[in-house]
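The following paragraphs lead the reader through a single protein chain, from its overall make-up to selected details. Please keep the sequence and the model in view while reading.

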Amino acid sequence: MSSSAEDREPGTLQDNAAEDSGGPACAGESGKHDSACAGSEIKSRAVVKYSAAPPPTSYALLQEKTDLKLPPANWLRENPQLGSAGTTVLGSSSKSKPFSSFGMAYEFIDCIGDDVDVVSDSENIKKLLKIPYSKSHVSMAVHRVGRTLLLDELDIQELFMRSSQTGDWTWLKEFYQRLIDQKWQRKKKSKEHWYQKAILSKFLYYSINGDGAAEPVADNRNEPEQENEEEEYSSSWPTAFTRAASDIGESDAPKQGSVSMDSQFALGQVTSVPKEQNLPIVFDEGENSQGLRNDFVRNIMWTFEDIHMLVGSNMPIFGGGRYPAVSLRLRDNNKPINILTGIDYWLDNLMCNVPELVMCFHVNGIVQKYEMIKTEEIPHLENSNFSTRVVKDIAQNILSFLKSNCTKEGHTYWLFKASGSDIVKLYDLTTLCEEAEEEKCQNPFTLPVAVLLYRVASNLMLKARQNRKHYGTIRTLLLNCVKLLDEERHPQIMASAHYMLSELFQLDEPPEGDGGESLRAGGSEDSYSDEDGEEEEEELTEDSDENCSYSSSSPQDDSKAVAVIRSVWELSVPEKYKSTHQIRPTGVFPVSQDKEERCRHVLSYVLKGLKAVDGTIKKESDLPAADPNTPIPLKYEDKSATGACAAEQGISLLERARPLQVDQKHPTRSGMIPCSWQHRMKLQLFLKASKAYYVLSDAATNLLKYGRALRYIKLSLQCYDAYCSVSGPLNPHVLQFHSQCLSLCGDIQLMLAQNSNNRAAYLEEYSYQTKEDQEILHSLQRESSCQAFNMATDLAMDPEYQLFVSSKCYEAAYELVISEALKDHATDQLAQVLKRLGNIRNEMGVYHMNQAAAMQTEKEVKTSVSIAEQEMWKKSFSFFEKGMKDFEAIEDSTNTALLLCNTGRLMRICAQAHCAVSADQSRGEFSPEEALYYNKAIDYYSRALKSLASRVNHPAVWDSVNWELSTTYFTLATLLQDYAPLSRKAQEQIEREVTEAMMKSLKYCDLQTESARQPLYQYRAATIHHRLASMYHSCYRNQVGDEHLRKQHRSLAELHYGKAVCLFVSLKDAPCELLRTLLERVAFAEFSMAGQTSNAAKLKSLTGALELMAETRCAFQLIHRELLEEQVELIEPDAAGSARASPDAAGGPASGLNLPEVMKLIEVFEPSFSFLLLQLIKLMTTMKWKPSNKDEERLKTYKNVYSKLLRAEKNAPLLRRVELHIELLQQLTPQAGSDDTHS
């Protein structure tokens, strides 16, 4: 604690004017006041935190020859000027109570653990600082809380007197007699002692007599001595801490501070822990305060050099003289002031910030004279000369010694110096008690220490809301608190401490980098874990011989001492013990990045808290007692048979969300009284457990462990069920958390429905249960059956039922979010719940839509639409409509578009189901119902595109809807074309409708945007052009009469054939389609030639048709390449060069080439090719014109190609035939390119 000399600033001596400015009455009581004494040697600063005394008034100057042996008329009457000194004859040296430091610590809890080094009675502080000068004994109890030490007088004589009566502390009495004082006996105080105290008391009462003429009254002067002796011998040790709560409440009530001159004289505002700030201060004030009061007249925050002390003082302070405050002292004129008295007076004035001392001298009780002495002059009085620097060194050394060795929080240490001895020893009474096999309750300090540890932790929890660096310290305090207490004797504090420990683990979010660092560095300067402390003690033991003169490796009589100061004069050596007080390892808070580990910590503390509470509820529940070692089965049901029935009945998940009328008079199911501490604590613990299981479930969901996730959310909802069973009206935050649980449960059931292939693993995860979970569930079932959410959390085998349960969970969550209680608290959550609702309704719609599609597929014979199919359509459509409303409510245009798209798909399924079937089971004409549903599908797809507005908003969804719309138009046009309803419509009308649908489909074919669908769009566009060309080709062939219309059809056919060929060529993976289109185009050219009469026109048409035929070389090359690729895949590497696979082998099932189609097309190609060549040869041979050399070469080439074509083997392998065609077409290519015709 103490700092080095280099870090200190030398004190400065203040003049009288500076000190006078402190306040009109008492500088210390007016606020803060710094002073420097004895030639700038030390620094002292005193701040009055609380004062019960009125502002100082002038003291009565007694007349010379006043006889103090005669009692004044007001003697022993209560007087606020003297405080507690008014009811005793002890004056300012009133006896310290054994728990006085705890009373102050409870009241000024903010200062404990971090800001203050020492809390004690001023008498104890003075006794410690006078150790080197005094031969009297010292016996003090020392307790550590964080970096704060609490010092209390441990009156061994009184303690052993009590031990003789009660049998307690016998082990300490035996230890004391064996090692310290073998001939112990109670020492009685002399009559002179009581005589001096009585005179002092009477002097003080004379001094407060306002008129200055106190009249003595006749009295038996032996009587007060006897009374006083009785009081001295009566035990001031609390025999038991069982005061009524009403009495104890006064001790904990904050003393209100005021600077007014009213009946209250507190000048500092007392800080106390708020009782309700989400902190688990749920046990009664009786157990909280343990009847310990702060009985001092004033509490002072005294800074002596670098030591911060919270001091209690009862010294009477008077006004008068040049200074605003003085202290009165009575001295025997025949006895000079010694060093001990001087230090005593000097320290009293420093602590209370009193600048002047008034000394009244008497001889045998007769007043002689008064003398005024300034505080800073006290160290230089004759016969009382002492060095303030030495006193400062003594204070720093004692503090360092205690802090270095009183290392364990919760332990009671005993600082002892025998009378006349120079050796100071420090014992660990807690360890000695354990060695003596005594119960923890045998140490009366145990409970006050535990309560103080708890209250400091509670106070830090308030600060921890803003700064998590305190978490390490809080955990250390609470763990030490729990170690001290017995669960059976102090269940309230145990349960509350365990709940606070669970609160330290953040469940809502993982610790971030900075937050994690602050947690790891958390904890008070001197707090540490037990393991670290033991290691540190060993290190100190090894180094002690070098650094200091005390050691735990002492002779036999010191073997039980933790540490020993060999000579009290060592305390006067500056910084003698500084080296022993190193900064202790910090109280590291165990931060884990693993959510499951953090939640397990929380649940372990919750379970301990629940056990502590359950142990206090005497009445057992009517339920049969469950064995905590026997797993409680989590049953599942196959809901496939009952899914529809359950869907009709519905699931009531909101029973626990409605306000419950909890009977505030009758006990709960377990016998717990409403509004008791057990009731309040169980509410906290149930809710904490529910949140921990929720986080575990969420983490398991992210890991795709859906069986485990369902088990955890079941436990979470069971905890919530138990919470509702004992709770009154639910808090909005609790309801909001419940809606989150229901949403997560819906998510898990949805995931289970979508991943039905892994049911065995999920069932195994769901059935597993830890012992901790079983014990928590056992505690829950003391208050509730925990069956309210079984239907929502059972593991079903039917996906439809799981989807149904999921939707019910979301609906219940939605009802909660829009309820009156949450309408202002869950605005953000509303959008999430609506999105989930829309999603589950989409999933259910898709499920029923797929069921309907499966029914169609399974039909062996096409018949009329069944009722079951229609029911599926209705359900699917209903879910899609509800889902769209959900998404529209949150303006989610993307998901709205997806649902519109799915509805369009449903309409197409309906259209397919209405397909007309003829008597021979063949496909009939395109029916009006089909057209109706296809047009409805087009309408939904168009609405989806309109909802998206543009591709920029969501390209993937836009492309998907665009493709489906194009597909629907294409399907409609194809069916109209292939199964034309000629019985209902004219050919021309059908052709118009086909053309319109095809062109709209072509409009939505996005050929420009590079995407995965671009080849599909190209293929569809090519197919559309091919189909339109074929239709116009057919119209041209069948059209009679209207020549203008025929020309129009001819030009449109040529246009679309040309576009189709270009697109098929660019695809490079549709050779069959390309070949078919080219052959149709050749056929179209041949048909156009039929009506021609002139040879020149025929020659031109034949040459053009042959050029088109030559373009088929590209298609054959593509076919040849694919045949070779398939052949390489089928032939073994070693036989690849020796033999060629047959074309039939190359056309196996794995082939990407449609070989039968290729064979058909070749069968059409060869005759057409032969016919064109033959017609050209005949025409060029019979024409009456003189051929040029080029014409002769062409004719020769035609004949050569024709000859090879005729001689080709018809049964040759496909690959060879394709190669021959490529070769022949290659010969024609340069010839076909020239167009030299003659008329």
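A residue is called buried when its relative accessible area is under 20%, exposed when that area is over 50%, and partly exposed in between, with a 1.4 Å probe and protein chains only. The model is predicted, so local features need pLDDT of at least 70 and side-chain atom pairs count only at pLDDT 80 or more, while totals for chains, interfaces and linings use all residues. Residues are numbered from 1 along each chain as its sequence is written, and side-chain values use heavy atoms, with hydrogens and water left out.

The chain has 1239 residues, of which 54% are buried. Its secondary structure comprises 41 helices and 14 strands, assigned as DSSP runs numbered from the N terminus (helices: H or I, at least four residues; strands: E, at least two). Of the contacts (heavy atoms within 4.5 Å) with a separation of 6 or more, 77% link residues 24 or more positions apart. The chain exposes about 54700 Å², and carbon and sulfur atoms supply 49% of this area; accessible areas come from the Shrake-Rupley method with a 1.4 Å probe, and for residues only the protein chains shown count as cover.

The buried residues are Asp-773, Gln-774, Glu-775, Ile-776, Leu-777, Ser-779 and Leu-780. Their cover includes helix 18 (595-614), helix 20 (677-702) and helix 21 (706-726).

Side chains of opposite charge can pair when their charged atoms come close. A salt bridge requires a side-chain nitrogen of Lys or Arg within 4 Å of a carboxyl oxygen of Asp or Glu, and the whole structure holds 37 of them. One joins Asp-67 to Lys-69, at 3.2 Å from N to O; Asp-67 is partly exposed at 22% relative accessible area, whereas Lys-69 is buried at 15%. Another pairs Arg-951 with Asp-959 at 2.8 Å, N to O. Here Arg-951 is partly exposed, at 29%, and Asp-959 is buried, at 14%.

Within helix 32 (residues 987-1003), Glu-996 and Lys-1000 lie four residues apart, about one turn of the helix. Their side chains form a salt bridge of 3.4 Å, N to O. Glu-996 is partly exposed at 47% relative accessibility, and Lys-1000 is also partly exposed, with a relative accessible area of 33%. Elsewhere, salt bridges with shared partners connect Glu-123, Lys-126, Lys-130, Arg-329, Asp-344 and Asp-348 in one network.
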